Amino acid sequence: MSPEPSPTPSLGRRSLLGTVAAAGIGTLAGCSTVDGLLDDDVEPPERRVPAGWKPARGDWPSEHYGFAQTCHNPFASPPRSDPSADWEVDIGGVVDSMVVAAGRVFVWNETDGAVVALDIDTGDERWRRSVPGDAGSLQFVTGRLYAGGRERLTALSADGERRWSTRLAESGVWGYFLVERDGWVFLFPPNETLRLHADTGELVERSDHYVYRTATDGSSLYGGRSTFRAYDVDGRALDERWTADSDGYETYGVPAVNDGLVYRSTNVLSPSDSEPRGRLSVYDTSDGTRLVQAPFEQTPQTPAVEDGVAYVATSGVWSETIGQDGVLAALAADGTERWRFDPEAGLRTPVVADGTVYTGPFRASGAPLVAFDADSGDELWRRDRVVSDPELAVADETLYLAGGSKVVALRD
């Protein structure tokens, strides 16, 4: 019998709490059911986020940076030399998600069921708002903070004012992904696609498109669980453009799109001694041709991608190996390995900025927080256990860590 996978994959507990699936809606004006969904008769949204939306300077607006999910901030210059903690804040509960935007560090306090906004310069608390439901995954898009959970998606202003809150019934799946474009908010649970009105949060459409764990560079959407697909967005409808070969592996983490290529980490469902547990595949975005298939002994996390190089952290993720035997490898677009770091412990998804790669422990693996030169792989500095199981973000000249009950800003 094959081992049971870990109940919380690479996106961890944060994604488990960030689940959405549709069954009913309830806005600030009241509640209604899916039977009365609007479509052609819906009033066109006034809020319009363009398909090619990019994060603003100074922001790290989602766990993997932007809709392309590259984990690379082209505007930041965080510390390359051994930094100090400019500030450290205990938010009084378990931190479960972190984004940086609009001069604030937003974190989800799982214990209190609240979103907390901290000043980026001082760490001072600017506001704290209770969010209905079980929100736990944050994302910031053009002045709006989305707090998503298993049953509800809430839209807040940067000042914490609630714009709308839509109730979505629990489905028992993990992981939701949000893309906003041209007046619509698209959500991608594993087995369907949901479209919400950006102004009101009303659930306008539910379809059986199987995008799941989605990335986009502003054109097509790329995603899928076992079968990998590309979808074009025609106004508000999704049209399948290509389907890649399925080989018994499933998506693990989130794909990343960069310069005409899409990078996808996968995990084998029934591992054997004769095959690798994980792979990184690279596809041509134009037709889905798989150009590279790089094997790994353990499961690769979401890749960080900068200038055609993928930085891939791995870890054991099955119940008996979780947090074990991880590496960090730098792979060129043709699959050639440039350098490797092997701490013999599980590593989390890296983040990249200004020629520097940062990674830390996956779960309680015991791996250090480490910074590397992106080109050479030379270690620049390391810290042991700054916070437990840290989520990482880089913005301006700061490396932010969030884990346990703490948020820390590291600067030169």
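Q: How many bridges pair E3 with strand E36, and in which sense?
A: E3 and E36 (residues 406-411) pair over six bridges, in the antiparallel sense. Strands here are DSSP runs of E, at least two residues long, numbered from the N terminus, and two strands pair if DSSP finds at least two bridges between them. This is a predicted model, where local features need pLDDT of at least 70, side-chain atom pairs count only at pLDDT 80 or more, and totals for chains, interfaces and linings use all residues. Residues are numbered from 1 along each chain as its sequence is written, and side-chain values use heavy atoms, with hydrogens and water left out.

Q: What is the bridge partner of Ser84 in E36?
A: Arg411 is the bridge partner of Ser84 there.

Q: Which order do the strands of that sheet have?
A: The order is E3-E36-E35-E34, an open sheet of four strands with antiparallel pairing. E3 (84-90) and E34 (391-395) are the edge strands; each has a single partner strand, so one side of each lacks a neighbour in the sheet. Neighbouring strands are turned by 20° against each other on average, direction ignored; the axes are lines fitted to C-alpha atoms, and angles run from 0 to 180 degrees between N-to-C directions.

Q: Now the sheet with E30. Which strands stand at its edges?
A: That open sheet has the order E30-E31-E32-E33, with antiparallel pairing. E30 (351-353) and E33 (379-383) stand at the edges with a single partner strand each, so one side of each has no neighbour in the sheet. The twist averages 15° from one strand to the next.

Q: And how many bridges between E31 and E32?
A: Four, linking E31 (residues 356-359) and E32 (residues 369-373) in the antiparallel sense. Thr356 has Asp373 in E32 as its bridge partner.
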